[in-house]
Amino acid sequence: MAKQLQPAHNRKGILGALALVAVAVGLYWSLVVAPPDAYQGEVQRIMYLHLPSILIAYLSYFLVFIGSGLYLWKREKRDDILAHAAAEIGVLFTALTIIEGSIWGRPTWGVWWTWDARLTLTAILLLIYVGYLMLRSLIEDENRAATAAAVLGIIGFLDIPLIHMSVYWWRTLHQPPSILRPDKLPWENVHPSMLTALTISFVGFLLLYFYLLSLRYRIGEMRQEIQALRLKRGA
Amino acid sequence: MRAWGFVAAAYGIVWGVILLYLYSLKRRYNQAAAKLNELRSDGGQR
């Protein structure tokens with residue numbers, strides 16, 4: 001058994017080490033190498049956290065969407081475990097995005113928080129997936145909890161296109177995208193060293209995300225095995 | 001607060017929270033692995 005677990009354990013270790021290196025290089029590039037912004041000055045360096053955090057949150061909710069859809073379709077427990085794991089990490093990164101945004105907003109907008117369309121929709125996204133996690137813990141029957149959560153996981157994902165389009169549809173304090181713009185390529189609008197810092201930071205967050213997800217997914221799998229063994233013993 | 005103060009607060013909070021979450025994941029992982037091993041070894045004895 002120990003031999004079977006070893007390759008997966010090694011893969012996690014390699015992923016964790018790669019994430020650590022990428023995060024360290026990303027921090028160095030973001031805080032030391034990248035120049036300060038011409039208008040915002042040093043405080044713009046929060047962007048190297050803010051943008052990767054929300055992109056990771058979106059990726060996580062996309063996996064919740066996929067896992068939930070597959071679970072409702074095929075009723076396979078592994079899809080539900082994936083959706084649950086991704087929702088937990090998505091909540092973490094959404095909360096971090098809101099905190100970073102608030103800290104960035106104070107010196108640039110003069111307020112910690114405003115009921116701007118993008119901010120409000122992001123807060124709603126957080127509440128939806130906190131609700132998703134609460135729903136799972138409140139319903140005792142595991143299959144019913146998984147089904148109800150899967151429905152909420154799919155509905156909640158619809159908030160993401162609204163968040164993305166909110167800066168075009170409404171007059172918002174939040175700026176429209178600087179990098180992922182439909183009319184310009186990323187390197188036409190951002191200094192190359194800023195773009196490099198952002199890319200490395202994003203890769204670091206992405207590797208870290210998959211490391212966290214692999215750990216959280218395995219916890220879900222082990223809990224499932226524990227439950228199955230207990231049931232078998234009880235029968 | 002000066003500009004670097006806001007940057008330090010943002011980076012400090014984010015990496016502090018991520019490290020705390022990683023610690024809680026490792027703890028839950030080890031607990032689940034220990035429980036699973038215990039149940040498996042109990043099964044082997046029966």
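Two residues are in contact if their C-beta atoms, placed from the backbone, lie within 7 Å. The legends below describe a predicted model.

**View 1. Contacts along chain A.** Among contacts in chain A between residues at least 6 apart in sequence, 75% join residues at least 24 apart. Of the 235 residues of this chain, 35% count as buried. Taken along the principal axes, the C-alpha atoms of chain A fill a box of roughly 70 × 40 × 30 Å.

**View 2. The helices of chain A.** Chain A contains eight helices and zero strands. Its pattern along the sequence reads α-α-α-α-α-α-α-α.

**View 3. Helix H3 of chain A, residues 77–109.** The expected span of a helix is 1.5 Å times one less than its number of residues. Helix H3(A) has 33 residues, so it should span 48 Å, and this agrees with the 46 Å between its end C-alpha atoms. In H3(A), 24 of the 33 residues are buried, which means that the helix is largely enclosed by the rest of the structure. An α-helix has 3.6 residues a turn, so residues three or four places apart point the same way.

**View 4. The residue after H3(A).** Gly110(A) follows helix H3(A). The phi of Gly110(A) is positive, near 90 degrees.

**View 5. The contact between chain A and chain B.** Chain A gives 24 residues to this contact, and chain B gives 21 residues. On the side of chain B that touches chain A, 18 residues are nonpolar, one is polar and two are charged.

Methods. Residues are numbered from 1 along each chain as its sequence is written. Chains are lettered from A and ligands numbered from 1 in the order in which they are written. This is a predicted model: local features need pLDDT of at least 70, side-chain atom pairs count only at pLDDT 80 or more; totals for chains, interfaces and linings use all residues. Ala, Val, Leu, Ile, Met, Phe, Trp, Tyr, Cys and Pro count as nonpolar, Asp, Glu, Lys and Arg as charged, and the others, Gly among them, as polar. Helices (H or I, at least four residues) and strands (E, at least two) are DSSP runs, numbered from the N terminus. A residue is buried if 20 or more other C-beta atoms lie within 10 Å of its own, exposed if 12 or fewer, and partly exposed in between; C-beta atoms are placed from the backbone.
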